[in-house]
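Here is a brief report on the structure shown below. It starts with one residue and then widens to the whole chain.

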Amino acid sequence: RSFLSREDIGVVLISQVLAELIRHAVEAHSRPLPAVLEIPSKEHPYDPAKDSVLRRARGLFAPEDLR
């Protein structure tokens, strides 16, 4: 949580596996900066269904906009 309050950080990269462990904190973060981006790890493939940023972005566009 301390990273989210710092003014000198613009992006927080976190593996999706760890993001799942603190999902409540990731979902509660609503400020645009720092952006919290979930990335895959070597041991676990990326699952777009679990990515909170991607889910929010999908809500901004109509399905026909994404084609």
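## Glu27

At 36% relative accessibility, Glu27 counts as partly exposed, because that class lies between buried, under 20%, and exposed, over 50%. The model is predicted. Glu27 sits in helix α3, which covers residues 23-28.

Ser52 is 25 residues from Glu27 in sequence. In space, the C-alpha atoms of Glu27 and Ser52 are 6.6 Å apart.

## Nonpolar patch

Which residues make the nonpolar surface patch? Val11, Leu13, Leu37 and Ile39 do. The patch comes to about 330 Å². Two elements each give two or more residues to the patch: β1 (11-15) and β2 (35-39).

Ile39 belongs to strand β2. With 34% relative accessibility, Ile39 is classed as partly exposed.

## Fold

The protein has four helices and two strands. Read from the N terminus, the order of elements is α-β-α-α-β-α.

Contacts between residues at least 6 apart in sequence were also sorted by separation. Of these, 56% join residues at least 24 apart.

## Surface and burial

How much of the protein is buried? Of its 67 residues, 21% are buried. The accessible surface of the protein is about 5,200 Å². Carbon and sulfur atoms account for 62% of that surface.

Conventions
Residues are numbered from 1 along each chain as its sequence is written. This is a predicted model: local features need pLDDT of at least 70, side-chain atom pairs count only at pLDDT 80 or more; totals for chains, interfaces and linings use all residues. Side-chain values use heavy atoms; hydrogens and water are left out. Patches are made of residues with over 30% relative accessible area and no salt bridge: like charges are joined within 9 Å, nonpolar side chains (Val, Leu, Ile, Met, Phe, Trp, Tyr) within 5 Å. Accessible areas come from the Shrake-Rupley method with a 1.4 Å probe; for residues, only the protein chains shown count as cover. A salt bridge is a side-chain nitrogen of Lys or Arg within 4 Å of a carboxyl oxygen of Asp or Glu. Buried means under 20% relative accessible area, exposed over 50%, partly exposed in between (1.4 Å probe, protein chains only). Contact means heavy atoms within 4.5 Å.
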